[in-house]
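Student: I would like to go through the terms used for this model. Please set each value against its definition.

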Amino acid sequence: MSTTAENVIEISGLSKQFAVGRGKRRRTVHALDDVSLAVADGSCLAVVGESGSGKTTLARILVGLESADGGEVVLAGRPVARRPRRAERRARARDIQMVFQDPNGSLNRRRTVEAAIKEVLAAHHRVTGDEARRRVGELLDQVGLRPAHARALPGELSGGQQQRVAIARALAAEPRVLVLDEAVAALDVSVQAQVLNLLAEIRQARRLTYLFITHDLSVVRQVSEEVVVMRQGRIVERGSTDEVLDRPRHAYTVLLRDSAPRPGWRPRLSTGADAREVEA
Amino acid sequence: MNVLELDDVRLDLPSKHGDRTLLRGVSLSLAPGEALGLVGESGSGKSMTLRTVLRTEPAGARVTGRVLLDGRDVRTLGAADLRRVRADAIAMISQNPRAALNPVLRVARFLVEGLCDARGESREAATRRARDLLAQVGIADVDRCMASYPHQLSGGMLQRVVIAAAVASAPRLLLADEPTTALDVTTQSEVMAILDGQRREHGMAMLFVTHDLELASAVCDRIAVLYAGEIVEIATPAQLHAAPRHPYTRLLLDSRPNIAARVPALPVIPGRPIAAYEVEGGCAFAARCPWAAPRCEREEPALVHDAGRTTRCLRAGELADELAGAPADDAAGVSGAPAETGRDGETEARA
Ligand SMILES: Nc1ncnc2c1ncn2[C@@H]1O[C@H](COP(=O)(O)OP(=O)(O)OP(=O)(O)O)[C@@H](O)[C@H]1O
Ligand SMILES: Nc1ncnc2c1ncn2[C@@H]1O[C@H](COP(=O)(O)OP(=O)(O)OP(=O)(O)O)[C@@H](O)[C@H]1O
Ligand code: SF4
Ligand SMILES: [Mg+2]
Ligand SMILES: [Mg+2]
């Protein structure tokens, strides 16, 4: 993949293995296997693929929550250390933020919504006091939450409400790159539409870059210019969204497209596979 | 007899700011083998409705109304009976699989112990069955999955473990809270086929919470639409798509992104979602409804059963034709934006 200054993310030959089990049952999981990917500044790249294909692992390496075993990541022009130090991870948080697949796990259960967002405002923008309170209200409104939700604890919110808090929190940091891991999956279609419209507006206004991980091909069509399809730790297809959805080339992409519920669709059994695994 | 019947279930939760109503009288029924979809706004009370059935609502909540499981009110069961019901009659797949599993137990322990406890199976038999179940839900490397701790599995793999555990006891009733949101569409198709099979073979009834209207239409016999803690419409998938009777349902159908074509901006429902406890007389949807008439602010619509349709809207009759019509993509099967028929304009003209 060509290396230009236009790319805010450049990944080459990235690999990551996990060991699971002990003794005779020990297995090595190739979560990522030689993944190369460039993401243009200000673009939205959708990542779709099999469950267990390494999408979340890729995202976690990008934001520094996981270290790679091989390959390189260049973020906003700076090479990212394979095993980043704490200070470096903090600095990276201004460049890149992630909304997690599981909002429950990313929100501190003892901290109110307001405190969670204020923490980000203070850490990244030194915004405090009345200004912070105003900004919290604005962010909550943008994601369709009420002012009263500011005082709620995560446990007092529905799944979709937690997810929206996580989005508001990531937006508060005003990063250059936002990684959204199934971030709109738990929202009803109307609230989802509102959030997708909001994300599109913000991207326009601030030239943000999105890495949009999703299982929903309708969402892919709506939000992204380009899409990569992952399977078993590898990228099996990449192209413009229209190209990939209308004229998929890889057999797995065809299978994905045909499995999406639509009028007349019926669920059916076929065979799936998890990440490629070899005996250690 | 119905497997499940909810009769006017209300849920109030005391808070610092006074009592908060989260459910405002939910009534629904499920026949053996039937699948009822539960869709609706985020925060409208879908998960809370399921929790009243298992009696896992937040501490301090006051629940009134009846929840009948095979004719017995689960709300009045003693501790021992309740435990038995939870162990073999009802299975739950929760919205967040990570919360359902003990983080320090390997999958093998979790599944095998569950089977031994619930069915008194021997360890060997339970292990064999656990392995079969994992294979059935599409886990390719069963050994690896059994040896993994929850944090070593992806979101979708974890959800399949939970699904395997749920169908293991061949329950009478499955409460499935967005069971497939974490799954890729191919795996989703497989998992739904497995649940379909359970319904056909064991007459398992399913209360299925989802945001995917296409998915709900494909697998459910009927769909209930929830808004601000109450049901506003119940209909068959065909009825719902061809002719929704409640304005909220219509707008929900129109908000779906389209797999065939991109639109400049997705249609959204104006205004902010409202909580059940914020409803003050009149129709809960009035503040956001493009078809609201002055009386909608004063009169509270009842859930009316009429000519095979169940709707909670004061104007359901007069609006029927206007709300009917499939969104563009359904009709054509291909491109075209969701129907944007200048609805606001029409409303103004009428008012
Ligand atoms: N900490 C870990 N230890 C062991 N294996 C892991 C760990 N984290 C991830 N894996 C494995 O790596 C593979 C990729 O997981 P990942 O979470 O990236 O998948 P994903 O594409 O995000 O899947 P999903 O769509 O289900 O969320 C899976 O096989 C998973 O089991
Ligand atoms: N423990 C709690 N304390 C106070 N309020 C709560 C609690 N749990 C949920 N709520 C509120 O109850 C309402 C209904 O929540 P519920 O989880 O049933 O929503 P839902 O319809 O499942 O939404 P979603 O689609 O986002 O999951 C929400 O407005 C939520 O904020
Ligand atoms: S009762 Fe009135 S406000 Fe409520 S949905 Fe019907 S038309 Fe709209
Ligand atoms: Mg993932
Ligand atoms: Mg819920």
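Tutor: A polar contact is a pair of N or O atoms within 3.5 Å; within protein, one must be able to donate a hydrogen and the other to accept it, and residues adjacent in sequence count only if both atoms are side-chain atoms. The model is predicted, with local features needing pLDDT of at least 70 and side-chain atom pairs pLDDT 80 or more, while totals for chains, interfaces and linings use all residues. Residues are numbered from 1 along each chain as written, chains are lettered from A and ligands numbered from 1 in the order written, and side-chain values use heavy atoms, without hydrogens and water.

Student: What makes B:Gln152 a polar contact of ligand 1?

Tutor: A polar backbone atom of B:Gln152 is 2.7 Å from an oxygen atom of ligand 1; the limit is 3.5 Å, so the pair counts. From chain A, a polar side-chain atom of A:Ser51 lies 2.6 Å from a ligand oxygen.

Student: Where does ligand 1 lie?

Tutor: Ligand 1 lies between chains A and B.

Student: Why is A:Asp141 with B:Arg272 called a salt bridge?

Tutor: The term requires a side-chain nitrogen of Lys or Arg within 4 Å of a carboxyl oxygen of Asp or Glu. Here the closest N and O atoms are 3.3 Å apart, so the pair qualifies. The count between chain B and chain A is five salt bridges.

Student: How many residues of each chain are in contact?

Tutor: With contact meaning heavy atoms within 4.5 Å, 68 residues of chain B touch 64 residues of chain A.

Note on methods
A residue is near a molecule or strand if one of its heavy atoms lies within 4 Å of it.
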